[in-house]
Protein chains: 2
Amino acid sequence: MAVHVLAVLAYKEGDRVTSALLAGSVNTNPVIIRRLLLALQRAKLVETCKGAGLGSRLNRSPGRINLAEIYRAVENSEPFATPSRKPNAACPVGNCIRETLDRVFASAQEALERDLEKTTLAAVIGEVKAAGACGRKKVG
Amino acid sequence: MAVHVLAVLAYKEGDRVTSALLAGSVNTNPVIIRRLLLALQRAKLVETCKGAGLGSRLNRSPGRINLAEIYRAVENSEPFATPSRKPNAACPVGNCIRETLDRVFASAQEALERDLEKTTLAAVIGEVKAAGACGRKKVG
DNA sequence: ACAAATGTAATGACGACAGTTACATTTTTT
DNA sequence: AAAAAATGTAACTGTCGTCATTACATTTGT
């Protein structure tokens, strides 16, 4: 959803876009979009202004935004679940395995993010435009 | 939790272990463990038998089990959420972006799994044992 | 025959997240 | 100055996935 929103903003590069229009494109509620935009603002990916005729726009060119940044801006929880209950204190495995797995999972997540870094928002838009036979001209 | 269970089974290599004992180590309910074991059986990672004095054991040596296999055995849903609602049909971005992102996400997930492949269950156990100062001798 | 163990169904509790409504606040436009 | 447009934010609901619990049928060894 975040990529979708940023892609629409990239289409309208320079112009400000309202959350209502973005919500129309994603087919959801404007409040959902605004909550998403807050996260993207914190990551300095978009700039948003209140007021009549205003809205949001990209803060950087699409070629300078990669999907790992979007992932980090939006995804707050770890991809690997860690059990809620504490392990049995009398079991050496349960006592020590957590920190070992934390290292392994951190490495795996880094690998994932490094792969996402290879794709820019501009590249996504390029593919969407190339496959553009399926759409009309109007964005929003 | 799956890695934890398999690690305990590796500790008791050869011996059969009951779901009740495994549940004690993870500090959860035996039924949870049994459901987990079903997935690990499907992946041919463990062998389980019903009956008095029976239980589960590893089907392969810990050096021949890597974390990617465990991940695939247990994790059924995609790590990236795809929106439930259909996008606005009048928006070319919404129409085409899904398949582009599917490719990108599949690549990222492959990168993650390739990283997990580099760690074997034996390696995890080795680290746990090396940090063994924190535990007692009894497993289970 | 009995005990021990798994397989499985039904149900509940809980958290994460999308969604919705409502409203205060800010800024442009007129 | 007033109105309109837009965001920021709070409160609440619904849904979904997962862990948890209880209960019971089934299988297998002693």
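A base oxygen of DNA strand C lies 3.4 Å from a polar backbone atom of A:Ala52, a polar contact in the sense of a pair of N or O atoms within 3.5 Å (within protein, one atom must be able to donate a hydrogen and the other to accept it, and residues adjacent in sequence count only if both atoms are side-chain atoms). This is a predicted model, in which local features need pLDDT of at least 70 and side-chain atom pairs count only at pLDDT 80 or more, while totals for chains, interfaces and linings use all residues. Residues are numbered from 1 along each chain as its sequence is written, chains are lettered from A and ligands numbered from 1 in the order in which they are written, and side-chain values use heavy atoms, with hydrogens and water left out.

- Of the atoms of DNA strand C that come within 4 Å of the protein, sugar and phosphate account for 66%.
- By class, this surface has nine nonpolar, ten polar and six charged residues, where Ala, Val, Leu, Ile, Met, Phe, Trp, Tyr, Cys and Pro count as nonpolar, Asp, Glu, Lys and Arg as charged, and the others, Gly among them, as polar.

**Contacts with DNA strand C**

- A polar side-chain atom of A:Thr28 is 2.4 Å from a phosphate oxygen of DNA strand C.
- From chain B, an N or O atom in the side chain of B:Ser19 lies 2.4 Å from a phosphate oxygen of DNA strand C.

**Helices at DNA strand C**

- α3 (30-42) of chain A and α3 (30-42) of chain B each supply at least two residues of the surface near DNA strand C; helices are DSSP runs (H or I, at least four residues), numbered from the N terminus.
- The most is given by α3(B), with five residues.

**The surroundings of DNA strand D**

- DNA strand D is surrounded by 25 residues, the closest being A:Ser19, A:Arg34, A:Arg85, B:Thr28 and B:Arg35.
- Sugar or phosphate makes up 67% of the atoms of DNA strand D within 4 Å of the protein, and the rest belong to bases.
- The residues of this surface divide into nine nonpolar, ten polar and six charged.

- In chain A, an N or O atom in the side chain of A:Ser19 is 2.5 Å from a phosphate oxygen of DNA strand D.
- A base nitrogen of DNA strand D lies 3.1 Å from an N or O atom in the side chain of B:Arg35.
- The largest share of the surface near DNA strand D, five residues, comes from α3(A).

Definitions and conventions
A residue is near a molecule or strand if one of its heavy atoms lies within 4 Å of it.
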